[in-house]
Every structure is written in structure tokens, then in C-alpha cells.
Amino acid sequence: MAVDRERVAALVRELLGAIGEDPDRPGLKLTPERVADAYSEFFAGIGEDPAAPLAHTISISRGPAPETLPSGAVMVRDILFRSVCEHHLLPFRGHAHIAYLPGEKVVGLGALPKVVDVLAARPQVQERLAEQIADTIFESLAARGVLVVLDATHECVTMRGGRQTDASTVTIAARGAYEEPVARAELIALIGAS
């Protein structure tokens, strides 16, 4: 579902009036359309299938290099992401680190950041975002294990309330083999080395 840009612009105009501003003053005149443009981008993941980037897989045993079966995790670290907190409609951003233990299928490494992008481009909370990324990869690839670590700063923490400008939030979602803390310890150490 595409963002209704005209409706967003009208609501922003109304919001500007509600906070005591004049939406017709020169500095604000184009703000409603600018916000509509931004929201179209921020919420582009609504209605999109996060598993779509994982559709093209490679068989490990019957693929182009069956003699090079992975014996451990495949990890992509430091995936930049940004989202909008559904509680205050303020942004949060950070790094995603994803590891999966392949079953019979692997996927091109560029697909993993695309999953993050689709799921982050909706109103979110960081905890649910990590869980959704883990579920999507685990189920789509029939992986033996998945670990997702998100480390992000939230504008609702840095700009309002306690105004903790250096605070970040870390969330972890684990599936399969990585639900055991001992099994994921090595991966957590590798993420810390980034």
C-alpha cells in the first residue's frame, strides 16, 4: 500500500496549525509536501513481502560448489538501518548484524540487508524488528539457526525525556541452534570485533 501523500500533506498542515504555527508562512509553506515525501520513503515497507529478497537461493549440495559446504555461520555485520518508532513517530537508526547457519540453502549476501530495509520501513519497535528479521530468514531459508543483533539510537531517548544523547539500545533475536547462549557466544564476540 502506497502512502497517501495528499492526505499526509493535509494532516501535516493541520498539525502545524495545532501547534500554533502558520502553515502559510514562507518557511513552512512547502513543509506538508516535504513530510509527505519523507513518509513515502520512511514507510515504503508497509505491505511489502520481507521474504521476497530471499526467494533466489542456491542449493548447497547441488549448487555450483558442492565441495565447499559451509561448516559454520554466514554473517553480515554493520548493516546500516533506519526506522521510525511507532510510539512517538521519531526515527531510530543503527547497525544490524545477521548470522545464519545454513541448512540446504544459502542466499546472496546482498539479500540480507534488503530484508532489514523492508521490515525497517514501517512503524516499528526495535524488539519486534529484530524478531521479524530473524523469523523471515529462519523460515525462508530453512536455516538451522539465525542470530540478529540490532544496536540503535532512538530519537525518543536522545531528544526528549531523559535526553541521553549517547545511549543506544541492543536487541537480540535468536532462532534454532542459536537459541542456546553457548552456541551464539562466538558470533556475539565476532560482532563486537567489528
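How exposed is Arg128: buried, partly exposed or exposed? At 31% relative accessibility, Arg128 counts as partly exposed. Here buried means under 20% relative accessible area, exposed over 50%, and partly exposed in between (1.4 Å probe, protein chains only). This is a predicted model, in which local features need pLDDT of at least 70 and side-chain atom pairs count only at pLDDT 80 or more, while totals for chains, interfaces and linings use all residues. Residues are numbered from 1 along each chain as its sequence is written, and side-chain values use heavy atoms, with hydrogens and water left out.

**View 1. Arg128 and Glu86 form a salt bridge.** The N to O distance is 2.5 Å. A salt bridge is a side-chain nitrogen of Lys or Arg within 4 Å of a carboxyl oxygen of Asp or Glu. Arg128 sits in helix α4 and Glu86 in the loop between β2 and β3, 42 residues apart. Helices (H or I, at least four residues) and strands (E, at least two) are DSSP runs, numbered from the N terminus. Glu86 is partly exposed, at 34% relative accessible area.

**View 2. Asp135 and Arg175 meet in a salt bridge.** Their N to O distance is 2.6 Å. Asp135 belongs to helix α4 and Arg175 to strand β7, so the pair ties together parts 40 residues apart in sequence. Asp135 is partly exposed, with a relative accessible area of 28%. Arg175 counts as buried at 13%. The whole structure holds 8 salt bridges.

**View 3. Arg122 is buried but has no salt bridge.** Arg122 is found in the loop between α3 and β5 (123-124). Its nearest side chain of opposite charge, Asp49, is 7.0 Å away. For charge, Lys and Arg count as positive and Asp and Glu as negative; His and the chain ends are not counted. A polar atom of the Arg122 side chain lies 2.8 Å from the backbone oxygen of Glu48. Beyond four places in sequence, the contacts of Arg122 include Phe42, Phe43, Pro50 and Ser83. Contact means heavy atoms within 4.5 Å.

**View 4. Five strands make an open sheet.** The order is β5-β2-β3-β6-β7, with mixed pairing. Strands β5 and β7 (169-176) stand at the edges with a single partner strand each, so one side of each has no neighbour in the sheet. Two strands pair if DSSP finds at least two bridges between them. β2 and β5 run parallel, joined by 2 bridges.

**View 5. Cys85 stands opposite Gln124 of β5.** Cys85 is found in strand β2. At 6% relative accessibility, Cys85 counts as buried. Cys85 and Val125 are 40 residues apart in sequence, yet 5.5 Å apart in space, C-alpha to C-alpha. Setting aside residues up to four places away, Cys85 touches Leu90, Phe92, Gln124 and Cys156.

**View 6. The largest nonpolar core has 32 residues.** A nonpolar core is a set of buried Ala, Val, Leu, Ile, Met, Phe, Trp, Tyr and Cys residues joined through side-chain atoms within 4.5 Å. Phe81, Tyr100, Ile133, Ile137 and Val148 touch the most other members. Among the elements that each supply at least two residues of this core are β2 (74-85), α4 (126-141) and β6 (145-154). A second, separate core of 8 residues includes Leu101, Ala174, Tyr178 and Leu187.

Terms used: A polar contact is a pair of N or O atoms within 3.5 Å; within protein, one must be able to donate a hydrogen and the other to accept it, and residues adjacent in sequence count only if both atoms are side-chain atoms.
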